[in-house]
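Let's take a friendly walk through this structure together.

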Amino acid sequence: MRRFRIATGSLPTGQKPCRTEPPANLKSRGSQLVRELGVAEDSSREGLANLTPTDVEDGDGGDERRIAPHVDHAECSSRNSWLVCRGRGPVERVMLDQGVAGGIEVSPGRPQPGAPKGLIGRVHEVAPDDHTGEAATEVESVDRLDIHFGVMDRLDDIVEREAQRGQSVKRPASATRAVQEREARVRAGLERTGLARRPAAAEQQGRALGHVGGFSMNSVLRRYHTRAMPPIDAPTDATTFASAYRTHTCGELRAIDEGETARLSGWVNRRRDQGGLIFLDLRDRAGITQVVIDRTDAPEAHAAASRVRSEFVVTVEGKVAKRLPGTENKRLPTGEVELQATSVAILNESKTPPFYVNDPDAQIDESLRLKYRYLDLRRPAIANRLVLRSKLVHAIHAAHQKAGFVEVETPDLVKATPEGARDFLVPSRLRPGEVYALPQSPQQLKQLLMVAGIDRYYQIARCFRDEDLRGDRQPEFTQLDLEMSFVDEEAVMRFVEAMIIEVSQAVVPDRPILKAPFPRLTYAEAMDRYGTDKPDLRFGLEMVNLAPALTDGEGKPSSGFRVFDETLAGDGVVKAIVVPGMGGASRREIDELTEAARRYGAGGLAHLAVDDAGTVKGPIAKFLGEDGAERVVTAAGAAPGDLVLIVADTAKVANEVLGKLRTDLGTKLGLADTNVLSYEWITRFPMYEWDAENERWHATHNPFSGVVPEDEELLVTASGDPYRPSPRDPAGRARAMQYDVVLNGWELGGGSVRIWRGDLLEKSFALQGHTLEDMREKFGAMLEAFGYGAPPHGGIAIGIDRWAALFSNQVNIREVMAFPKTQSGTDLMLEAPSRPEPEQLEELGLRFVGKRAPAASEAIASGATPSVVTATAVAPERPAPERPTSAAPERPASERPA
């Protein structure tokens, strides 16, 4: 029996497609396949919808025919499967050979002019030995959908369902090797031809490769049967964008569309007038297409195009034609074609933009970009980042839904609670003198959901904090918030790590993860080795303790350098980092490093340089002596050409200063691979740190983090009175069941296993300075709920803004937010915050006291950066109840990363 392929487009006669091999363990699934697919009853699967029969026509060769099949039914045996297709001619029985999984391929592309509606194409006989990568690249440019995709999609569903039922489906090792060998051959062929295939089948990778038995059928099949991935900002299914204004997007047309009539709509990216010819580069989110208007062929269209300027919104119609040889634009996916317009209509005119929208390299002041953000969003770079963020959120939803999580929305009008930053307050007209608070996080609510029995909760939550801003922080931000019941630390971290890997592979499949499983460092280890609790592990520069090289056999300081000896004698530390290749640093460079060290809190910065010959030089070498200097550079691990930077101070200062210098040097010297994703876990944080101003302990992350079980006995005060804490309390040594996930030197998210017992929660609150009455007022709902049985639970919060910024290699989260605020918390576009109308204040029973900041509009007019209104609102009619004197610390404390 002959095997056929059906594909649209003008393929060369006799062209041979590539074939792939399905899992060997599915060969015996014949009869079940028929029952599961239900092809005879349901022909609406991918590639099988609305097929209409047409006459069978002879092609140019003896083995080619044009057909529009209708699937009648499926037939299966223990080895092979068939789709039986019927037309007006004889019945075709097309075999889907289990050994090649590619007996038939059908394209849903646009029919040829005059062709009946349905899937039309040419039939080619499949060569039995056609497995080469060259064959894959030859058909890469053809946009087609394989019928066996529908089959394999359903098989994936079957395998997943069986896995959920506990039925393990594994691939034989021999079959796995065969797939890997095939994959290697195809990859080699693609590299030889220089064509870019779709990276890891990003659009279709809803299931991470390796989800079942280390293998994903759908992902591997699509690698060989899809064309190169479009730009991330291009729609994946452009046919859904067709409307009365356009038949195609501006990024869709290709050489195979030559001769077709098309209508495009978009913004004019550029206009070039050459007299009789006008060229328009028409732009939409999908890309750019060149439009040509010839005065001779289309005088009315030419007259309309003469009025067009940049950023006008127009719609054009005409014929798709190949560009003249030598005029192609290889930088554009549409660069081989142009639209020869027969009509041009101006839908809307545009004023001259305040900056160049069509110049990706233009240096534009950020305040101007934020003022005209709707124009800034037209620029492809930032539009692409919003699309990437959308894919990130979609992948997060898919991963949690698959894992049995329930999405629950929590309210935005809540009660103020101390979570580490100032609340945004919302007055209530119906409750004069009382306010709501916008949530800093849904912390209490998600724990109450665990008490309610929603044992796996998640949401993409909006959060608000009235705090000082920086590159990775905004007053309003978005986070992935999740919580799980009946779990320990390991269970939460294991799920979160798998989810992060799956999401990363789905959104940025071309960016490798440095290490998996993720490295784990305790807080103490991270501070000792890197000087920060969010180290970037893409490069080394670890800190080294030099005390062994500076003391004698009895541990007494003996370096001969007074600064080092006095520091070590006073229980301080002498630590160093080795900077590769900077042994020949200039005096100016050393001065810059020394000034940075002082700025970070050090009294100074010592250094030793090792030249290419291995000689140690530096201002402190004469104090250390030749042997002493050699011991120091040897202990530091320096090699010829390296620079040793040394700080002598308290452990806290030395770690912090060298940690910041390490980060600066890693960026300056380009030590980190910007394409790599380096995730790690930081665990065992201190439970509390002492707040000297308020004479109490406060939680290092959030007040609900649980304590390591063996440290629970430390949650006591030295005085024995839980309401009289002091810095000598054993509680200062307690460790929290807290874990942070770090990505490329940014804290991506933080979480913990919570305190889930009411008595332990009261004890922890007392150490944090809360009286019993205070606890009941601020946390009454939780304390009451815990009395009705709370399960062990834990979770995490991950910053969506930070994740999207890191995925797109941005250093400021404003670059991945549609409408962010400035550094001073101002919206320049909407001129917010703004002064309320007197009537609004009167209705709320409020008045302003204190000094006002200038309104945003006034600040813009004067050229100054507007600042947020600092006046205080009070309610004279009904004063708010008195609050306890213990205030929340003004620092970001909970697990809110953004």
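**Salt bridges and a buried helix**

The structure holds 41 salt bridges, a salt bridge being a side-chain nitrogen of Lys or Arg within 4 Å of a carboxyl oxygen of Asp or Glu. Before we visit some of them, please keep in mind that this is a predicted model, in which local features need pLDDT of at least 70 and side-chain atom pairs count only at pLDDT 80 or more, while totals for chains, interfaces and linings use all residues. Residues are numbered from 1 along each chain as its sequence is written, and side-chain values use heavy atoms, with hydrogens and water left out.

Start with Arg389 and Asp801, whose side chains meet in a salt bridge at 2.7 Å, N to O. Arg389 belongs to helix α9 (residues 380–402) and Asp801 to helix α20 (residues 800–807), so this pair ties together parts that lie 412 residues apart in sequence. Helices here are DSSP runs of H or I with at least four residues, strands are runs of E with at least two, and both are numbered from the N terminus. Arg389 counts as buried at 14% relative accessibility, and Asp801 is buried too, at 0%. Buried means under 20% relative accessible area, exposed over 50%, and partly exposed in between, using a 1.4 Å probe and protein chains only.

Next, find Lys821 and Glu476, which form a salt bridge with their closest N and O atoms 2.4 Å apart. Lys821 sits in the loop between α20 and α21 (838–844) and Glu476 in strand β17, so the pair links parts 345 residues apart in sequence. Here Lys821 is buried, at 14% relative accessibility, whereas Glu476 is partly exposed, at 23%.

What about a pair within one helix? Asp774 and Lys778 meet through their side chains in a salt bridge of 2.6 Å, N to O. They are four residues apart in helix α19, which separates them by about one helical turn. An α-helix has 3.6 residues a turn, so residues three or four places apart point the same way. Both Asp774 and Lys778 are buried.

Salt bridges also join into a network, linking Arg369, Arg373, Asp376, Arg379, Arg385 and Glu815.

Finally, turn to helix α10 (residues 443–451), where Gln443, Gln444, Lys446, Gln447, Leu449 and Met450 are buried. The buried residues of α10 pack against β16 (456–464), β17 (476–485), α19 (772–786) and β29 (793–799), with contact meaning heavy atoms within 4.5 Å. Just after α10, Gly453 takes a positive phi of about 95°.
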